[in-house]
Amino acid sequence: MLPVKRTAGAALGFVDSELTKKHCTNFASAAATSSAASSTFNMAGGDGINGNNGVSNGKAPIGGAQLEIDEDLHSRQLAVYGRETMRRLFASNILISGMQGLGAEIAKNLVLAGVKSVTLHDTGTVELWDFSGSFLFSEEDLGKNRALVSVPKLQELNNTVIISTITTELTKEQLSDFQAVVFTDISLEKAIEFDDYCHQHQPPIAFIKSEVRGLFGSVFCDFGPEFTVLDVDGEEPHTGIIASISNDNPAIVSCVDDERLEFQDGELVVFSEVLGMTELNDRKPRRIKNARPYSFTIEEDTSNYAGYERGGIVTQVKEPKVLKFKPLQQALKDPGDFLLSDFSKFDRPPLLHLAFQALDKFIVEVGRPPLAGSEEDAQKLIAFLADINNSLPDGRLEEIDPKLIRSFAFGARAVLNPMAAMFGGIVGQEVVKACSGKFHPLFQFFYFDSVESLPTESVDPNDLRPLNSRYDAQISVFGSKLQKKLEDAKVFMVGSGALGCEFLKNVALMGVSCGDGGKLTITDDDVIEKSNLSRQFLFRDWNIGQAKSTVAATAASFINRRLNIEALQNRASPESESVFDDTFWENLSVVINALDNVNARLYIDQRCLYFQRALLESGTLGAKCNTQMVIPHLTENYGASRDPPEKQAPMCTLHSFPHNIHHCLTWARSEFEGLLEKTPTEVNVYLKKPSEYISAMKQAGDAQARDTLERVLECLDSDKCDTFQDCITWARLKFEDYFSNRVKQLTYTFPEDAATNNGARFWSAPKRFPRPLEFSNQDLSHINFAMAGAILRAEAFGIPIPNWAKSLEKFAEAVDKVMVPDFLPKNNVRIVTDEAATSLATASMDDADVINELVMKLETCREKLAPGYKMNPIQFEKDDDTNYHMELVTGLANMRARNYSIPEVDKLKAKLIAGKIIPAIATSTAMATGLVCLELYKVIDGSHKIEDYRNTFANLALPLFSMAEPVPTKVIKYQDMSWSVWDRWVLKGSPTLRELLQWLKNKGLNAYSISFGSCLLFNSMFPKHKERMDKKMVDLVKDVAKFELPPYRSHFDVVIACEDDEDNDVDIPQVSVYYE
């Protein structure tokens, strides 16, 4: 079993301690608690999702008392959903019926998301057959009720969620206690009965029916007669900075070409901050037409409006969307448009729509699903399907694919973990939509299959028979031969975060690396943080601070004790190639990336190319996920195509002309690091070796060296702090400098009516004219900024922080004691306005003289310091709410935003932007790993063609699924040879230079240049190089390149430039020369 989780208390205040101890309660008491809680919320007058009292759409109400959200735990999820959606989730009661693999995955995702309660329903007992699909069961659970044994392990994931069970037959009246109900194992007749009840209930109850049958799956959603979607895509509203508005009918609105507009025809927008044509500032939504990259028209006559002068922001208005769902009985006959996932299978959903109905009929009549390998059962299922098709009044299928239905029949009883993971992510997200109105629901049927995952060679029906093992369900689909290959696979998994945890669970259930010949190596150099716990489900709160790979490997071993796993803490990089050496890579079957940064992905990609190993790549961003299959000699590699780099704001924009909160936060983060990390680090470097430091600065002699010395001198002289009151003074004067004096100087240099050299307004869009701030101890944001600055300054100087420092009243009194000198703006101050400038420091003819003067002052200051004096550099850490880092960054950004009349943000939003937090949720992670593991079957089988593989992009918010064949690798042909980026030519036997050249000559290639790294070993133009002809290549590398070959390597690589007999250059693969 998984490690048992300690009870950490109920953070949200509605988990009964006895419930946590017992894990299980009878349904009656849970329902009573749920009803009472619902009554409390309604009586409190909480707004429904449409702003009405009570509940609308069946979504959970928000109570009068705001539920507290643990932002440290849920920060990545909050970045996707926002607070309001999270609060609705925290008040939602969910029923999951059917606790085999799919039910387990859905429950896991919802418990991690933090719904109020999850009730598990199942009348069946755990069988060995269930072990291929569910991570909740172990051998000790055989014969016990599935729902009951699931509770303790799910409770470990989140002890603030009430988890209860129903182990008897459900009645439709019991459904009234829930906002959403999910059925994963139910007859069609019963599903229609329950769905009718949910559809007609007031408020409607969201009904979801989902099945996983071998490599086939389905989802049906019914959220009631009218369901309001508040936010169809979850994206931030698009905005534009206005450059001009015409006095026309219709009016033409042009925006600055800073960024392309994302508006679409028919969308609503609102205007604000428009000067001149102020009639548009009434916040009335206006519909747009003729949307272009930098302009659009509005359906309004502005002929008689005042003329546009300058300024203005246009913002998209996100309109709610009302969906009218059909009940299941009606939708079966009239399904409407199916949600497609693979356009190469556009005709597949209508067939599967009938196939799942035929399967239900088979089970009702025969009393069981079709047996794997039974041709008789398969033919009976095909006959049922044909009968249903023939009974259709219209829309009959012209052709039924018997081979496909045969595969469907053989796997009908099996719940495979990759399919359960994929559909668990999809269905889990649909539940979130049902409870919150966030994102567009699946409307209404979705069918999927991955028959390409089956072995390419036909499987003997005898090979599908159960072996009384935990993999019997998987064997019934793929056969025992592929199962043996899976068990003997040698896998390298890079990363054990959110993706890594899901992958480990999946491969453990699949039996990958669980045989005598198999081994899974996982590496991750990171440690567990609190924010990981909301989606990295193998970790527990007491694991915080421990190595991710070690904890994850231990937890995965509990899922399948036969898993042969080794956990390492090495970063996969050139520095760890003595650990992950040639032998390690050459013995691998496949590499699975579970990384979160591009550079690491590119490195692993290059290693897989070099050793010709398959790489299964995936990534997530909020509700989006993508997968890419990198298959030797078939597909392009990961690095073959790259996303364009993110657009960076010019330096002058960040420092003097910000026009959005991102600019303010980027500047704030930079200032934090400069003041508290970089400058104290420079001080320590100087104090440790003063003469060497000064010599280096004098040798540099440029504006950057001068600027660095000025900052170091400030730290040790004018800005040096010895007492906490000094730190308060520093923070108060920093406020004055940043938010008053600098703005006064800027507007003195460039007044509001300033013009450019060509006569245009200087303060035209996107520039915003700033106003200085006046410090007030009555303004909490001013005091909080000063408090955070003073506390962190004290920490940097090693000054004790008094107990009263965190008292707003006493701190305000201390700030009042600070004497703030008057500011007089200066003439001839140079302010950088060039967008191409990369530094604010300006070179000067007398830089060297200034540096000498600074050095003299610095040495004088150093002599006054105590022996061993040093500062404490502070590294920015966003996820610790007690360290005041985010308070200072948020304060810096918001005060600057206030200067420029930019909307301010709260600390959470500031953390997401300044901390560069990647939005993440469990559902998209689960789906991505499920999709990858469906491809893993193909890789381990080893004989699939490129058309069998699938790359996927999915967005669960829309929802959108786009699957396609990978891009084939580019092949170079020369004479009777061909090669691609996957090829590496190998020459063994420790050859001489002459032998290498002859080896190439035999291929019709004339080598004229051979290099190792940056060293030229041979060039035909240099006569002296001919003296090297009879030297061994390994000796040339040692003697000429002066390279010490590491003991763990048995070869080195050379780059060879070749031409053919007609002097045409020929690009050949890298050549590996092996030596003894």
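Start by selecting F953, L958 and L960: together they make a nonpolar surface patch with about 220 Å² of accessible area. Patch members have over 30% relative accessible area and no salt bridge, with nonpolar side chains (Val, Leu, Ile, Met, Phe, Trp, Tyr) joined within 5 Å; a salt bridge would be a side-chain nitrogen of Lys or Arg within 4 Å of a carboxyl oxygen of Asp or Glu. Areas come from the Shrake-Rupley method with a 1.4 Å probe.

You are looking at a predicted model, where local features need pLDDT of at least 70 and side-chain atom pairs count only at pLDDT 80 or more, while totals for chains, interfaces and linings use all residues. Residues are numbered from 1 along each chain as its sequence is written, and side-chain values use heavy atoms, without hydrogens and water.

Now stay on L960, part of strand β23 (residues 960–964); strands are DSSP runs of E, at least two residues, and helices are runs of H or I, at least four. L960 has a relative accessible area of 34%, so it is partly exposed (buried is under 20%, exposed over 50%, partly exposed in between).

Next, jump to E430 in helix α12 (residues 417–436). Because its relative accessibility is 1%, E430 counts as buried. Beyond neighbours within four places in sequence, E430 is in contact (heavy atoms within 4.5 Å) with I208, C221, F223, P441 and L442.

Finish with the rings. The whole structure holds 50 aromatic pairs, meaning Phe, Tyr or Trp (six-membered ring) centres within 6.5 Å; planes under 30 degrees apart are stacked, over 60 edge-to-face and the rest tilted. Select Y974 and W979: this pair is tilted, 6.4 Å centre to centre with 55° between the planes, and both residues are buried.

How values were computed. Patches are made of residues with over 30% relative accessible area and no salt bridge: like charges are joined within 9 Å, nonpolar side chains (Val, Leu, Ile, Met, Phe, Trp, Tyr) within 5 Å. Buried means under 20% relative accessible area, exposed over 50%, partly exposed in between (1.4 Å probe, protein chains only).
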